[in-house]
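Subject: Structure handover

Hi,

Here is the structure I promised to pass on to you. Please have it open while you read the notes below.

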Amino acid sequence: QVQLVESGGGLVQPGGSLRLSCQVSGHTLNTYAMGWFRQAPGKEREFVASISESGFNTDYANSVKGRFTIARGIARITKITVSLQMNSLGPEDTAVYYCAAKDTTGLSRTYIYTRRYAYDYWGRGTQVTVSS
């Protein structure tokens with residue numbers, strides 16, 4: 001059973017930074033592209049950032065470009081981690097942030113996925129609140 005666990009959320013002042021992490025377990029030898037999404041109260045879950053299985057390709061929502069950085073941990077068969085470095089945070093970034101994994105076993109290692117319905121597994125989310 002594949003499980004994703006996010007960590008690193010919290011309360012931060014406007015202009016501050018946070019680093020979210022996500023660890024994947026139970027994945028055996030499958031490969032995954034990874035993504036981050038967020039959902040603010042009363043809004044749809046939206047794409048934030050994604051990274052290919054190879055780690056070479058990334059994509060970002062326009063609202064976070066230049067402020068957020070997605071990265072994969074050191075490649076290990078038995079451990080998959082992905083992070084989201086968030087800088088210059090503003091109140092509009094307040095949301096629950098979700099980590100997602102797309103099983104890419106047998107698929108392109110360089111493709112990135114930005115649509116939520118493409119992802120196979122989801123974490124439970126971590127709250128990020130930006131407020132003074």
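A word on terms before the findings: buried means under 20% relative accessible area, exposed means over 50%, and partly exposed is anything in between, with a 1.4 Å probe and protein chains only. This is a predicted model, in which local features need pLDDT of at least 70 and side-chain atom pairs count only at pLDDT 80 or more, while totals for chains, interfaces and linings use all residues. Residues are numbered from 1 along each chain as its sequence is written, and side-chain values use heavy atoms, with hydrogens and water left out.

Let me start with S88, which is partly exposed because its relative accessible area is 46%. S88 sits in the loop between β8 (80-86) and β9 (95-103); strands here are DSSP E runs of at least two residues, numbered from the N terminus. Although S88 is not a glycine, its phi is positive, at about 50 degrees. For context, most residues other than glycine have a negative phi.

Next, the disulfide (a pair of cysteine sulfur atoms within 2.5 Å). The structure holds one, and it joins C22 to C99 with an S to S distance of 2.1 Å. Since C22 lies in strand β3 and C99 in strand β9, the pair ties together parts that are 77 residues apart in sequence. The torsion about the S-S bond of C22 and C99 is about -80 degrees, so this disulfide is left-handed. C22 is buried at 2% relative accessible area, and C99 is buried at 0%.

Strand β3 (residues 18-25) also contains R19, which counts as partly exposed because its relative accessibility is 48%. Beyond its neighbours within four places in sequence, R19 is in contact (heavy atoms within 4.5 Å) with S7, G8, S83, L84 and Q85. With S83, the R19 side chain makes a side-chain polar contact at 3.3 Å; that term needs a pair of N or O atoms within 3.5 Å, and within protein one must be able to donate a hydrogen and the other to accept it, with residues adjacent in sequence counting only if both atoms are side-chain atoms.

Finally, the largest nonpolar core has 36 residues, and M34, W36, L84, M86 and Y97 have the most contacts inside it. Such a core is a set of buried Ala, Val, Leu, Ile, Met, Phe, Trp, Tyr and Cys residues joined through side-chain atoms within 4.5 Å. Among the strands that each supply at least two residues of this core are β3, β8 and β9. M86 touches residues including L18, L20, F68, Y97 and V128.

Best wishes

Terms used:
Helix = DSSP H or I, 4+ residues; strand = E, 2+ residues; numbered from the N terminus.
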